[in-house]
Structures are given as C-alpha cells and as structure tokens.
Amino acid sequence: MPIKVAMCPHCNKRVFIRIEESDISPVRYPAPVWVIHKNGICDKLSTYYVDSKLGVSYNAPEKKEGAIKTLEALDKM
Ligand SMILES: [Zn+2]
C-alpha cells in the first residue's frame with residue numbers, strides 16, 4: 001500500500017503521501033524523502049524518514065540531506 005498517513009510537522013494536520021520504492025535511496029534506512037504539504041495554506045517542506053517497508057518512522061520540519069525526490073503531501077486522497 002503506497003499511500004501513507006502522517007502528520008505534517010509544520011501545521012500538525014493529517015496528510016496523505018504516496019511513496020514508491022523508487023522515491024528513496026536504499027543506501028540506509030530510515031531513508032529520507034522531501035515532502036511538501038500542498039494544500040494552498042501550509043505549502044511547507046519537511047523531510048520524512050521511511051523504513052524498508054516504506055512506513056514513515058518520523059519527520060523533521062527542515063530540508064535534510066540525503067533525499068532524492070520531493071513528494072507532495074495532500075489533505076486527502
Ligand atoms: Zn502542513
């Protein structure tokens with residue numbers, strides 16, 4: 001199931017993110033991916049860390065190193 005539910009660290013709203021294996025570099029886990037909460041209000045970038053099963057472990061409200069893609073987080077799917 002590639003759609004993950006997480007909390008945006010900027011606005012603390014629930015967001016939905018579609019994460020595929022090709023979105024992360026599998027050099028080490030948890031692997032970072034950049035995510036923009038795209039809803040016209042927040043629109044801020046965070047770094048989400050996902051495990052080898054593409055589950056979101058934690059996130060940070062900054063742009064951290066090591067990600068290879070920027071994904072969109074949406075308020076609903
Ligand atoms: Zn947000």
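Let me begin with a term: a nonpolar core is a set of buried Ala, Val, Leu, Ile, Met, Phe, Trp, Tyr and Cys residues joined through C-beta atoms within 7 Å. Please bear in mind that this is a predicted model.

Which residues make up the largest nonpolar core? There are twelve: A6, C8, V15, I17, I19, I24, A31, V33, V35, Y48, V50 and A73. The largest share belongs to β3, with three residues.

I turn now to the sheet. Six strands form an open sheet with mixed pairing, in the order β1-β2-β6-β3-β4-β5. β1 (3-7) and β5 (56-60) are the edge strands; each has a single partner strand, so one side of each lacks a neighbour in the sheet. From one strand to the next, the twist averages 40°.

Let us follow the pairings. β1 and β2, residues 14-18, run antiparallel and are joined by five bridges; here A6 lies opposite V15. β2 also pairs with β6, residues 70-74, in the antiparallel sense, through two bridges, and F16 has L74 as its bridge partner. By contrast, β3, residues 31-37, runs parallel to β6, with four bridges between them; V35 is partnered there by L71.

Leaving aside residues up to four places away in sequence, A73 touches C8, V15, F16, I17, V35, I36, H37 and K38.

Technical notes
Residues numbered from 1 in each chain as written. Predicted model: local features only at pLDDT ≥ 70, side-chain atom pairs only at ≥ 80, totals over all residues. Pairing = 2+ DSSP bridges. Axes fitted to C-alpha atoms, helices over the stretch in contact; angles between N-to-C directions. Buried ≥ 20, exposed ≤ 12 C-beta atoms within 10 Å, placed from the backbone. Contact = placed C-beta atoms within 7 Å.
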